[in-house]
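Hi,

Here is the structure I said I would pass on. Have a look at it first, and my notes follow below.

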Amino acid sequence: MTDREDIDMLAAEYVLGTLDPDMRRIVDERRSHEDDLNAAIADWEKRLSPLNAHYRDEIPSRDLFPGIRARIEEARVQADNIVEIDLLKRKLARWRIGTFATGALAASLMVAVLVSDFATPVQDRQFVAVFHRDDTQPAFVMSIDLDTRAVIIRPVSATLPEGKTYQLWIASDELGPAPKSLGLLENASVPTTRSLGEFDPALLRNATFGISLEPEGGSPTGRPTGPAIHGRLIPVEH
Amino acid sequence: MGTSTRDLEQFLARAADGDMDAFGHLYHATSAKLFGIVLRILKNRAQSEDILQEIYVRVWEHAGDFEPGRASIITWMATIARNRAIDALRRDKRHDAVVDDFDIDQLADHDDLSVADDAERNDDLRLLEICLGGLDDDRRKMVRLAYLDGFSRAELAERFAQPVGTIKTWLHRSLKQLKECLGS
């Protein structure tokens, strides 16, 4: 039997469902980087899927959808908390003394920080937020001082693809439905400082901040694009 | 189903943008179909409902991955559902999952097409049935038990009183014959 036949039969049995759990797991893993296996699976899905017509409709319990909804919202909250606060503090300490590493950033990055859902003591006037692209590696750290209304965005592992620029945004109910641009972060290797003097501290405290990857010169539509990754703003201990 | 494929695709596209209401419409239009799949494979109502929830969370997470040119939306969702149900079945076989009082023979031989898919899908089904009809009885039953009821090689071996190696050989011959017959 040729390799090609082996792959075709592996795909066929995967789709048919007769493989044992270990083999299924191996196929799942392999198909992510083996185009021919993935294509063979798609072909077998197409061949056998007409059999789906033999499945009879069955009505699930009425209260199932709220459960699904709850699971999705829960997953969103967990995504917001990917960086544990203790871990984050340790990282911050390290970043302050370390040099900023560089690394590739996902092609489209839109990170938002929800300020409003974090209960903060009134005396805390300084906040930081981590804009991260996966569980472990932040791309930007933003610090904001509510007294001076200065915001500093420090790139941590962000590189800037050619012909692109990062754009900072603020969104708040008081500012209307669309996020407002706070300007471009032209250079992905040095901190950018922005003065948010025109914004009221109370508004800033409840605002959402975002960074998006845009064409050179900024978003052509006046609005950010791309999927959102959420982080949290945390007060800095003195 | 009362909802067109185009409607479903629009619901999914809006769900990909985070629209939970659209996702709710998608759920209500498709959950009976997907639940039918999961229940037939798992044969336990409570477990099937739990897996159905996982399936829709997955559909939500992967809503942006759907490519309309590759498969119909309902086929795409059914594939996710079948895969999850089979994974759950294999996983729980190790822990002696409770099986509701289903008559597997009756389910496996049940041929009532209650789902009104579009004409093209029916043509595909007719051709596949003709090709399945070209297989020996036992082999045709094997393919159907595997696809529709989630039988593993080992379960087929037990049912047809054959060594697992023989089942594997039969399956491969049947699948190759099907592929040739379907001409794709």
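The loop between helix 2 (20–42) and helix 3 (45–61) of chain B is where B:Lys43 sits. This is a predicted model, so please read everything here with that in mind. B:Lys43 is not a glycine, yet its phi is positive, about 55°. Is that lysine buried or exposed? B:Lys43 is buried, with a relative accessible area of 5%.

There's another non-glycine with a positive phi: B:Ala161, at about 50°. You'll find B:Ala161 in the loop between helix 8 (153–159) and helix 9 of chain B. B:Ala161 is exposed, with a relative accessible area of 65%, whereas B:Lys43 is buried.

On to helix 9 of chain B, residues 164–182. The buried residues in helix 9 of chain B include B:Ile167, B:Trp170, B:Leu171 and B:His172. Further along helix 9, B:Ser174, B:Leu175, B:Leu178 and B:Leu182 are buried too. Just after this helix comes B:Gly183, with a positive phi of about 65°.

How many disulfides does the structure hold? Over all chains, there is 1. The partners are B:Cys131 and B:Cys181, with their sulfur atoms 1.9 Å apart, which counts as a disulfide because the cut-off is within 2.5 Å. B:Cys131 lies in helix 6 (residues 119–133) of chain B and B:Cys181 in helix 9, so the pair ties together parts that are 50 residues apart in sequence. The torsion about the S-S bond is about -80°, so this disulfide is left-handed. The two cysteines also have their own accessibility values: B:Cys131 is buried at 3% relative accessible area, while B:Cys181 is partly exposed at 38%.

Last one: helix 7 of chain B, residues 137–149. Its 13 residues should span 18 Å at 1.5 Å a residue, and the end C-alpha atoms are 17 Å apart, which agrees. Buried residues in helix 7 of chain B include B:Arg139, B:Met142, B:Val143 and B:Arg144. The run from B:Leu145 through B:Ala146, B:Tyr147 and B:Leu148 to B:Asp149 is buried as well. B:Gly150 follows helix 7, and its phi is positive, near 75°.

Cheers

How values were computed: Residues numbered from 1 in each chain as written. Chains lettered and ligands numbered in written order. Predicted model: local features only at pLDDT ≥ 70, side-chain atom pairs only at ≥ 80, totals over all residues. Heavy atoms only, no water. Helix = DSSP H or I, 4+ residues; strand = E, 2+ residues; numbered from the N terminus. Expected span 1.5 Å × (residues − 1). Buried < 20%, exposed > 50% of the residue type's maximum accessible area, 1.4 Å probe, protein only.
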